[in-house]
Amino acid sequence: MEASPVPAIPATRGLPIARVRDVFSPEEVEQRLRRLKAQGNDREQATLCQTYERMLERGPQRFAVKPSGVPDLEPLYEQLPNFRAVLDDVRRHVALAQESSDSLEITPLLLLGPPGVGKTHFAQQLADLLATTMTLVPMSSMTAGWLLSGSSSQWKGAKPGKVFEALVEGNYANPVLVVDEIDKASDAQYDPLGALYGLLEPQTAQRFVDEFAEVPIDASQVIWITTANDERTIPDPILNRMNVFEIAPPTRDEARGIARQLYQRLRAAHDWGRLFDEEPGDDVLDQLAGMAPREMRRGLMTGFGNARLDRRDRIETRDLPAAAGGRARIGFLQ
C-alpha cells in the first residue's frame, strides 16, 4: 500500500522523512455512496452521504512520517526524567526503522501512574518528536462506548469515532492516539474497548471498520498510548497487547530540574522573558517542586505575573500559588 517517498514535510526536531499511504479505498467509498443514494432516503442519510463525499474530496493518501535517524532524545530525558524507560523503548523502535523501507512501528504503550505525573504531556511530546499529531480519547466520557468505533448511522446524532476522524480528517497515517484513563472504560454503558482488541493488532487494524461509515480504514500505522491509574480493571487481552510502564512521580531533585527547565522555556518563549533573571532562585524551585508537573506551568505564569506587578525581575516564593487549584500536591519518591 506504500508509495515512493514524497518531498519532506516540515518536521519537528529534524525528523523530515515521510511516505504516503492510502488509508482507505476510494472505490469502496464510491460503491457505498452509490448504494446509499440509490436507496432514495437522502434526508435520513444526509450526514453519511456528506461523509463519503468528504472522503472522496480529500482522497485516501496520508503522510506516514518516519525519523531520518535516531533523534537526540536528551532534551526529553531531562524534561521527563520519570519517563526514561519509556523513552528508551521509543528509541529502540525508531532504531529498527532506520536504513530500511519499513514504516515506524511502536508497540502500544500503557502508562500507569497517578494523575499529574505527565502522562498526557509525554504523549504530546512524542507526537511532536515524530512530527505527527495527537488525538486524546477520554475513556471517562459518558459516550466512551462510541468514541473509538463511532456509532451506527441509524442512530440519531450518530457520527464517526476518533480513529476514523484522525485518519480521514487528519493529514497523517500514523497519528498518536491517546486512550486516556483506559481503566475507566469499565464504567461506560457500552464496551468502548471492543474495537481496541482489533486496533492494537496491526494485521486486523489494516481493515478497521467504523460503525458509522462502514468502510474499511487502514489504522495499522496508528501509534497507541493508553494511560491508567490502576491496571486491575483492564482486560488481560488488552494488557497483553501493550508494553506496560509504571510512571512514578518525579523525585524532588527531578521535580526541581523539571521546574528549572520550564522556567527557562517560558522565559525564552515570551518577549517579556528578557525582563526576568536567567535562573530562578533555589527557594522558588523548592516550592515548585511540591507541585505536580502539569501544575508547574500555571504556578510559574502566576509567579511571573505577580513579579511584574511589583516591577521586579525575579520571582519570589510569595509570587507562587501555595497549592494549585487548592488540591493536594503530589508526593515524591525518596
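Biologist: What should I know before we start?

Modeller: The model is predicted, so local features need pLDDT of at least 70 and side-chain atom pairs count only at pLDDT 80 or more, while totals for chains, interfaces and linings use all residues. Residues are numbered from 1 along each chain as its sequence is written, and side-chain values use heavy atoms, with hydrogens and water left out.

Biologist: Which residues of helix 1 are buried, and which are exposed?

Modeller: Here's the general idea: an α-helix has 3.6 residues a turn, so residues three or four places apart point the same way. Helices (H or I, at least four residues) and strands (E, at least two) are DSSP runs, numbered from the N terminus. Buried means under 20% relative accessible area, exposed over 50%, and partly exposed in between (1.4 Å probe, protein chains only). In helix 1, V29, L33 and L36 are buried. Seen down the helix 1 axis, the buried residues fall within an arc of 65° (taken from the directions from the axis to the C-beta atoms), so they line one face. E27, R34 and A38, on the other side, are exposed.

Biologist: What do the buried residues of helix 1 pack against?

Modeller: Helix 2 (46-58), going by contact, meaning heavy atoms within 4.5 Å. T51 sits in helix 2 and is buried at 13% relative accessible area. Leaving aside residues up to four places away in sequence, T51 touches F164 and F212.

Biologist: How much space lies in the largest pocket, and what lines it?

Modeller: Rolling a probe the size of a water molecule over the atoms shows where empty space is left. On a 1 Å grid over the protein atoms alone, a cavity is a set of points where a 1.4 Å probe fits but cannot get out; a pocket is an open set with protein on both sides within 12 Å along at least five of seven lines, and lining residues have an atom within 4 Å of a point. The largest pocket holds about 500 Å³. Its lining has 22 residues, with G118, K119, H121, P293 and R294 nearest the centre. Helix 11 provides the largest share, 4 residues.

Biologist: And how many cavities of 30 Å³ or more are there?

Modeller: The count is 1, and the largest cavity has about 50 Å³ of space. Of its 10 lining residues, R19, A64, K66, D102 and S103 lie nearest the centre. Strand 3 (61-66) gives the most to that lining, with 3 residues.

Methods: Grid points are joined across faces, edges and corners, and a volume is the space filled by probe spheres set on the points.
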